[in-house]
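Load the model in your viewer and keep the selection panel open. Each stop below says what to select and what is there.

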Protein chains: 2
Amino acid sequence: MPRAATTADVFNAIAEPRRRQIIELLARRGALAVGALVVTLEMSQPAVSKHLGVLRKVGVVSVTKQGQQRLYQLEAKELKMVHDWAKKFERHWSHQLDRIKERAERKAQARREATS
Amino acid sequence: MPRAATTADVFNAIAEPRRRQIIELLARRGALAVGALVVTLEMSQPAVSKHLGVLRKVGVVSVTKQGQQRLYQLEAKELKMVHDWAKKFERHWSHQLDRIKERAERKAQARREATS
DNA sequence: TTGTCATATTCCTGTATGGGAATATATTTC
DNA sequence: GAAATATATTCCCATACAGGAATATGACAA
């Protein structure tokens, strides 16, 4: 079995850095036409269209026709899935930070004792 | 340019469902030897070792030798990156949920008016 | 040393890229 | 209807998988 398709789910779709850029831009500036993305991100038009196709297939963006343009808009609920998944491990990284802090404090304490 | 390596960054590493399973298991049960993962996840041993290799390269897990076993442990700080990235769009999905709610309420209101 | 257990590595293969170039498809304008 | 504009699609190619099978490495035991 080869690597899963980029359109298999959100996780595969957002693995591409350029696609994350597109998402960030749409988040900042609202609905945008393909041309605007091409200019701002300095990518070729076909490249942008393909990335948008992937994002659309997994439901991260939606399209609206407006004349000969197509406006792409962020559909953030799919990104909430990613957020929720990562949030499961919140305890773990805060605990680890605690441990790092503790270790640093123990070291500082040892230094103080050695100096006294 | 082909698809980026799975070891390129956390986003690429967690695109694989089996690797997310491994992460979840390590989160629930703490440090585990490879054999335990093989049994619990019903994967072949080489498959597990390879996935662990990818996760290790991007810093999501760390290893400790213990006799002839190797204990793998979650290093959650890399997952915090994913969480933080997705969190940027929090406003967007809550706004969208609001809009959905509003629409539903407008519909309910219209129904009430039609019935009266 | 030899054997056994736990894990890593190598080799193989079908499949899916991402990007560039060229082309197709709509839509608007004249 | 023809030309222009905006976007999508197709074709091509080098590359990197993920999984299975076989094998290598490393640690421990007898």
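Begin at DNA strand C and select H4(B). H4(B) gives the most to the surface near DNA strand C, with 6 residues. "Near" means a C-beta atom, placed from the backbone, within 6 Å of the molecule or strand. Helices (H or I, at least four residues) and strands (E, at least two) are DSSP runs, numbered from the N terminus.

This is a predicted model: local features need pLDDT of at least 70, side-chain atom pairs count only at pLDDT 80 or more, and totals for chains, interfaces and linings use all residues. Residues are numbered from 1 along each chain as its sequence is written, while chains are lettered from A and ligands numbered from 1 in the order in which they are written.

Now colour by class. The surface near DNA strand C has 10 nonpolar, 11 polar and 5 charged residues. Here Ala, Val, Leu, Ile, Met, Phe, Trp, Tyr, Cys and Pro count as nonpolar, Asp, Glu, Lys and Arg as charged, and the others, Gly among them, as polar.

**Switch to DNA strand D.** Select the 27 residues that surround it; the closest are Ala33(A), Gly35(A), Pro46(A), Ser49(A) and Pro2(B). From chain A, helix H3 (34-41), helix H4 (45-57) and strand S3 (69-74) each give two or more residues, as does helix H4 (45-57) of chain B. H4(A) has the largest share, 6 residues. By class, this surface divides into 10 nonpolar, 11 polar and 6 charged.

**Next, a helix pair in chain A.** Select helix H2 (residues 17-29) and H3(A). Their axes come within 11 Å and cross at roughly 115°. Axes are lines fitted to C-alpha atoms, for helices over the stretch in contact, and angles run from 0 to 180 degrees between N-to-C directions. H2(A) and H3(A) are therefore roughly perpendicular (65 to 115 degrees). Show side chains: Gln21(A), Ile22(A) and Leu25(A) in H2(A) meet Leu37(A), Thr40(A) and Leu41(A) in H3(A). This contact has 4 nonpolar, 2 polar and no charged residues.

**Last stop: chain B against chain A.** How many residues does the contact take from each chain? It takes 19 from chain B and 19 from chain A; contact means C-beta atoms, placed from the backbone, within 7 Å. On the chain B side, helix H1 (10-13), helix H5 (77-87) and helix H6 (90-115) each supply at least two residues. H5(B) gives the most, with 7 residues. That side of chain B has 11 nonpolar, 4 polar and 4 charged residues.

How values were computed
Two residues are in contact if their C-beta atoms, placed from the backbone, lie within 7 Å. Angles under 35 degrees count as roughly parallel, over 145 as roughly antiparallel, 65 to 115 as roughly perpendicular and the rest as oblique.
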